[in-house]
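This note comments on the aromatic side chains of the structure shown here. Please read the points below alongside the sequence and the model.

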Amino acid sequence: MIQMMAASAALALALGLLLPSAGVRGAGPPPIQDGEFTFLLPAGRKQCFYQSAPANASLETEYQVIAGAGLDVDFTLESPQGVLLVSESRKADGVHTVEPTEAGDYKLCFDNSFSTISEKLVFFELIFDSLQDDEEVEGWAEVVEPEEMLDVKMEDIKESIETMRTRLERSIQMLTLLRALEARDRNLQEGNLERVTFWSAVNVAVLLLVAVLQVCTLKRFFQDKRPVPT
């Protein structure tokens with residue numbers, strides 16, 4: 001089941017993290033997009049990801065171990081200059097914010113080298129809050145803003161739209177995190193169910209074996225062992 005979930009999430013990595021978003025030619029570099037990814041981290045292995053970030057923005061990183069024995073992993077986050085920003089050991093989840101960011105590639109590493117048997121299913125999400133969006137909104141307002149002829153000011157409309165956008169983005173982030181938590185709890189419950197079912201079957205088999213042995217022992221006690229006269 002873990003392998004199937006990891007394989008189905010490979011497309012999300014290609015579309016969300018590695019491939020640039022489509023844009024109009026000549027319009028400049030595309031904006032950095034938020035991304036999420038679920039991958040399988042084998043036992044005794046370390047896997048790193050690189051994510052480009054613009055300058056003077058905000059980067060929020062959330063990760064969650066949703067399957068695997070112990071539900072823990074080592075996590076590190078390095079800046080484009082190689083400075084270690086975050087280092088955590090044997091954690092099940094974490095949320096970290098880098099503000100302001102540096103222009104370049106941030107390095108996120110997940111380490112499962114302390115485990116020799118159990119593989120881990122890890123979910124992580126990258127959330128950007130760039131100043132470029134605010135500049136685009138301001139430019140749009142300068143183009144379409146009338147000369148004091150509207151009852152409602154454009155600034156009020158812009159503020160309302162920005163507030164709504166921020167709340168919708170936060171709602172999406174919370175739903176994604178809750179989905180990861182639900183997957184972790186479901187995997188934990190399914191693992192517990194398998195263990196309970198296995199040991200219940202073992203107990204039933206032992207009870208049947210003991211019952212057969214008791215019946216055979218009682219029959220042996222009541223058997224007539226006197227010799228038959230000839």
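1. The model is predicted. A search of the whole structure gives 13 aromatic pairs.

2. One of these pairs joins F37 and F124 in an edge-to-face arrangement. Their ring centres are 6.1 Å apart, and the angle between the planes is 90 degrees. F37 belongs to strand β1 (residues 35-41) and F124 to strand β8 (residues 120-129), so this contact ties together parts that are 87 residues apart in sequence.

3. Both partners of that pair are buried: F37 has a relative accessible area of 6%, and F124 has a relative accessibility of 1%. These values count as buried because the cut-off is under 20% relative accessible area.

4. F124 also pairs with F49, here in a tilted arrangement. The distance is 5.0 Å centre to centre, with 50 degrees between the planes. Because F49 lies in strand β2 (residues 46-53) and F124 in strand β8, the pair ties together parts that are 75 residues apart in sequence. F49 is likewise buried, at a relative accessible area of 11%.

5. The residues discussed above, F37, F49 and F124, are among the members of one aromatic cluster. The cluster also includes F39, Y63, F75 and F110. Within it, F124 in strand β8 pairs with F37 of strand β1 and with F49 of strand β2.

Technical notes
Residues are numbered from 1 along each chain as its sequence is written. This is a predicted model: local features need pLDDT of at least 70, side-chain atom pairs count only at pLDDT 80 or more; totals for chains, interfaces and linings use all residues. Side-chain values use heavy atoms; hydrogens and water are left out. Rings of Phe, Tyr and Trp (its six-membered ring) pair if their centres lie within 6.5 Å; planes under 30 degrees apart count as stacked, over 60 as edge-to-face and the rest as tilted. Helices (H or I, at least four residues) and strands (E, at least two) are DSSP runs, numbered from the N terminus. Buried means under 20% relative accessible area, exposed over 50%, partly exposed in between (1.4 Å probe, protein chains only).
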